[in-house]
Amino acid sequence: MQKRISIIEDEPFIIEALSFLLEREGFAVSSISDGADALTFITTSPPDLLILDIMLPNVSGMKILEDIRKTSGIEKLPVLMLTAKGQKKDRLAAEQAGVSLFMTKPFSNTELIANVHEMLQG
Amino acid sequence: MAGALLGTRIRENRKALQLSQKDLAQAAGLSASYLNLIEHNKRGIAGKTLNAIARALQIDPTDLTEGMNQALLDRVRTAAMRNNQLRTERDRIEEFAARFPGFARLIARQSDQIDVRDEQFAILSDQLKHDPYFAEAMHLLLSNITTIRATSDILATNSDMPPAMSQKFIANLAAEAAKLSKTAEDIFDHFEPTAEEHVSSLDMSAFEVLLEQNRYYLETLENGDQSVDDILNNLKLSDDDIDATRASLHSYAEMAQHLPIEPFIATAKKVNFDAIALAETFSTDLMAICFRLAHLPTKPDLPTFGLIQSDASGAVLYRKQLNSFSLPRYGGACPLWPVYRSLSQPLQPIRAMLDMPMGDRFHTISFAYPTQPARIGMPAVTEAIMLFTPDYAMLPRVAHDQTPQLDVGLQCTVCSRMDCSARREAYLLTNK
């Protein structure tokens, strides 16, 4: 069965690039760019994996992650966090909030795809 | 030894004026044989004789004696040690200073100036780290680069892509490259100095500089190794700065005495650094606790707190900013910060989790207090403080998990929340 990946990212060109890469690998991809709609977006049709940016309009990715971990039914959703902020404290905060994997921008496409496959197998 | 050098210096100065021993002796009212003994460092001189020789050499007596000034020798030695690659005759510094007091003073002064420049450079560098515009611009740059890297990689590795799709990615690439160049230009414009910025960039009080250099914890004052006067003496301040710095240091010392650091930390750890619980435990006011928490040593097991104190107009009275939470010096901060709301609810602490546009989160406690009660015809004078920390995970879970969340920014000009109803200035980086 085709695995579903959702992307929450406010840069439209990054969404386009990620969608192309993931669809080429056979995944079904959906996306939104506003943090405020995140929880409804995920709970309506829970994906198999979420790619989440930290810096989003209205609600930060960190808050969305915390909400996901508290919401019944999606609390165990694998979340790959992408951020331009590679500081140690951001990584620690994301880990405390329950991130599955943390990658910093700019990322390598090959590495990203490898990580996605690994997360979905686990 | 020092006395011996005085003679050498007299001889050098005499030769520089192309005077014979006899000429100088005559001008100074001495016998030539006595001057010879002085010049060969076999007689020490001072007072009247020294003044007479200096007058005859048309120089200040201190030019002759300064070679004996240990402070000058130390400064020249420091200058010599600054560069280990150049071989300097360090064993002959006294002789050098004796022979060429003017050059010795020049070297010493230049060495001092290098110290001052180094200090200014460190301060500017620190300010750059705190510059919210720079942080926001770097974030945008990384976003631009990420898109370009991912898109160009797709184009390079998918030659069989349908033409319409490859055209779309090429267009994306061109648009993102244009954004990148706009961001780069904006950064360049931001850092192009104006005369006004030159003045304000170093416009920090001496106390603020001292705190920044010591990461807001004055250990020697805390443990009694130095008094306020000891610290003041080391600072070498101008008369204008001394009184203000002394008052600030006394306030710090009072805080350290009121809430000594070791028992404070021990108790703070027991209540997970919750300011309200600490105020109850120490039976003191919340403001004192907030100031103490903002002045802790930097250690991995201690959370980092920043603090802003403002008056009712929003003017900043005191601030301790953090790398990820910069504070304006003259107002102009985000009006949504709870510190401003607290002014309408004096004596009522407000907890809030602040979410910044760049994803940083801070736990805050804000609290307003009257400094002068209301009188007939005069309103009460009120000030407010906000204590904030990015290390909210070290606080009791209830303090952050069940705390109202607020989407705020630092300043409008660097805030990407375009729809914010509190916006009063345009976002400088219009790239997004």
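**Notebook: chain B strands, cysteines and domains**

I started at Leu354(B), which stands opposite Phe362(B) in β4(B). The model is predicted, with local features taken at pLDDT of at least 70, side-chain atom pairs only at pLDDT 80 or more, and totals for chains, interfaces and linings from all residues. Residues are numbered from 1 along each chain as its sequence is written, chains are lettered from A and ligands numbered from 1 in the order written, and side-chain values use heavy atoms, without hydrogens and water.

I looked up the pairing next (at least two DSSP bridges between two strands). β3(B) and β4(B), residues 361-372, pair antiparallel over six bridges. Strands here are DSSP E runs of at least two residues, and helices H or I runs of at least four, numbered from the N terminus. Five residues lie between β3(B) and β4(B) in their hairpin, where Gly359(B) takes a positive phi near 100°. β3(B) also runs parallel to β6(B), residues 405-407, with three bridges. There, Leu354(B) has Leu406(B) as its bridge partner.

I checked burial in β3(B), residues 350-355: five of its six residues are buried. Buried means under 20% relative accessible area, exposed over 50%, partly exposed in between (1.4 Å probe, protein chains only).

For Cys290(B), the nearest cysteine sulfur is that of Cys334(B), 20 Å away. Cys290(B) is buried because its relative accessibility is 0%.

Last, I read the domain assignment, whose bounds come from an automatic or database source. Chain B has domain 1 (2-112), domain 2 (131-198), domain 3 (216-258) and domain 4 (297-432). I found the C-alpha centres of domains 1 and 3 of chain B 39 Å apart.

Technical notes: Disulfide = S-S within 2.5 Å.
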